[in-house]
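Biologist: I would like to learn how to read a structure like this one. Could we go through it feature by feature?
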Amino acid sequence: MRLSKFFLPTLKETPADAAIASHQLMLRAGMMRQESAGIYSWLPLGFRVLKKVEQIVREEQDRAGAIEMLMPTIQPAELWRESGRYDDYGDEMLRIRDRHDRELLYGPTNEEMLTSIFRNFCKSYKELPKLLYHIQWKFRDERRPRFGVMRGREFLMKDTYSFDLTEEDAIKSYNKMFVAYLNTFARMGLKAFPMKAETGPIGGDLSHEFIILAENGESEVFCHRDLLEIPAPGLDVDFNGDLQGIVDERTALYAATEDVHDAEAFAAIPDDKKVSARGIEVGQVFYFGTKYSEPMKAKVSHPQNGEVPVHMGSYGIGVSRIVGGLIEAFNDDAGIIWPRSVAPFDVGILSMRPGDDATDAACEDVYCKLKAAGLDPLYDDTKSSAGAKFSQMDLIGLPDQIIIGPRGLKQGVVEVKDRASGERVELSTDDAVAEIIRRHSQAVL
RNA sequence: CGGGGAGUGGCGCAGCUUGGUAGCGCAUCUGGUUUGGGACCAGAGGGUCGCAGGUUCAAAUCCUGUCUCCCCGACCA
């Protein structure tokens, strides 16, 4: 993409309404624009990151055996009366009436709808287990939206729902999602730790939140330091095999959010292993048994016992929230520093002097070769000053930059800069291209 | 929802106390000079001061109402 053709409205000054780094940087980097409290337009740069995050989530769901589908944003109130949550959900639920005065709502989650779909089509234990998911916009009318996309009212979420015959089988589904989450976050360069969590309005008795540590985290978390050292299981894990060991290893050590914190258990941890920090929740897994299948009559025929309600779980990942979380985790004074797997472009090409024949030719050459190699470069071919280009490129945080100008070209070199470390090396154009390709071939997992 | 704060060109802000017909920086446009860390000079365009009422000869400024946004708290992906 040529910057002259792209839409990248970056801001030099920090907008007054934004209080934390991720919110400020998303606005400054031209990633989004606020339309109303907690509601945002995703501008092209932000949209690219959102799509990258979404795609990683999708790939890891598919790998774990979950099946993708799509349910609507608007749901009938009827469904929620069945589960009893229409009244329970309160003002967080955005209620709507259509022209026929029918009661609708903008979905805050989809347990009811998928339970209803399941019961309609699945009548036998032979259909089980099932793991179904979708990635859809949701709305929760928060009393106080804040922190940009980290706590918006409208948000993109992946939610998976599991259906099993027994609790024992349901735990296996739970474990699949647990393991898939570890890999999902690791692929984004995030260190997300499973912590015991409250089950909240979704209900149930087994739940973990996946937390990334960040200074501006919404909640206080406590855990054993060794938990932070356990690597992700890796993409070669067998989802049809026994995952209990992987889960046990990561749930044996103390880790809890403030809501379920056990001061006594925490006190038992050696002082040098105690971690007390702030965290951002990026995902949560729940097992809630027959909480919805019972009242909504989602039953299957059992081999021996007639009809039984299915055991269910639900598993969410806050896709849009992660974009903010990533920036909280990866930024410096100059701006954002994207992990390669989620960067909006793979590399920036900065022309120090557009219009200079040698510079133009070298830029075109590098741009074409990177594209031919399957990379996605952003070529700053605009006429703005060198300093402005450096600042803007640092701000939007592409992992690598290739700086091309007459000064270097006289010596036969261009400059390759690593955004994260700031380290620069001078290379020939071909070596620079090779170096960028090399850096991008190193996957996180 | 309780407490606090703010709405003035695209962005960041001043002006309001003590009413007199709107200003600064950035951005934008034109011309010229520049050209490797947010360039310089000259000129230009752009705002009925959130909205509605009221007071007054006169309201961004004073009064009333209302909407919106932000921060702290409680609550939550």
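Biologist: Which side chain does Arg439 meet in a salt bridge?

Modeller: A salt bridge is a side-chain nitrogen of Lys or Arg within 4 Å of a carboxyl oxygen of Asp or Glu. Here the side chain of Arg439 meets that of Asp418, with 4.0 Å from N to O. Arg439 lies in helix H13 (residues 429-441) and Asp418 in strand E22 (residues 414-418), so the pair ties together parts that are 21 residues apart in sequence. Helices (H or I, at least four residues) and strands (E, at least two) are DSSP runs, numbered from the N terminus.

Biologist: What should I know about the model before going on?

Modeller: This is a predicted model: local features need pLDDT of at least 70, side-chain atom pairs count only at pLDDT 80 or more, and totals for chains, interfaces and linings use all residues. Residues are numbered from 1 along each chain as its sequence is written, chains are lettered from A and ligands numbered from 1 in the order in which they are written, and side-chain values use heavy atoms, with hydrogens and water left out.

Biologist: Is Arg439 buried or exposed?

Modeller: Relative accessible area decides: buried means under 20%, exposed over 50%, and partly exposed in between (1.4 Å probe, protein chains only). Arg439 has 10% relative accessibility and counts as buried. Asp418, at 17%, is buried as well. Salt bridges that share partners join Arg340, Asp400, Asp418, Glu435, Arg438 and Arg439 into one network.

Biologist: How many salt bridges are there by this rule?

Modeller: The count is 34. One of them is between Arg58 and Glu68, whose side chains meet at 2.8 Å, N to O. Arg58 is in helix H2 (residues 44-63) and Glu68 in strand E3 (residues 67-68), ten residues apart. Arg58 is buried at 18%, while Glu68 is partly exposed at 35%. Another salt bridge joins Arg424 to Glu415, with the closest N and O atoms 2.4 Å apart. Arg424 is partly exposed at 42% relative accessibility, and Glu415 is buried at 15%.

Biologist: Which residues are closest to RNA strand B?

Modeller: A residue is near a molecule or strand if one of its heavy atoms lies within 4 Å of it. RNA strand B is surrounded by 38 residues, and the closest are Arg144, Gly152, Glu281, Glu415 and Arg424. Of the atoms of RNA strand B that come within 4 Å of the protein, sugar and phosphate account for 48%.

Biologist: Where do polar side-chain atoms of Arg151 and Arg321 lie relative to RNA strand B?

Modeller: A polar contact is a pair of N or O atoms within 3.5 Å; within protein, one must be able to donate a hydrogen and the other to accept it, and residues adjacent in sequence count only if both atoms are side-chain atoms. A polar side-chain atom of Arg151 is 2.8 Å from a base oxygen of RNA strand B. For Arg321, a polar side-chain atom is 3.2 Å from a sugar or linking oxygen. Lys417 has a side-chain N or O atom 3.3 Å from a base oxygen.

Biologist: Which elements give two or more residues to the surface near RNA strand B?

Modeller: They are strand E1 (32-36), strand E13 (274-289), helix H11 (386-396), helix H12 (406-410) and E22. H11 gives the most, with six residues.

Biologist: What is the secondary structure of chain A as a whole?

Modeller: Chain A has 13 helices and 23 strands. Of its 445 residues, 53% count as buried. Among contacts between residues at least 6 apart in sequence, 72% join residues at least 24 apart.

Technical notes: Contact means heavy atoms within 4.5 Å.
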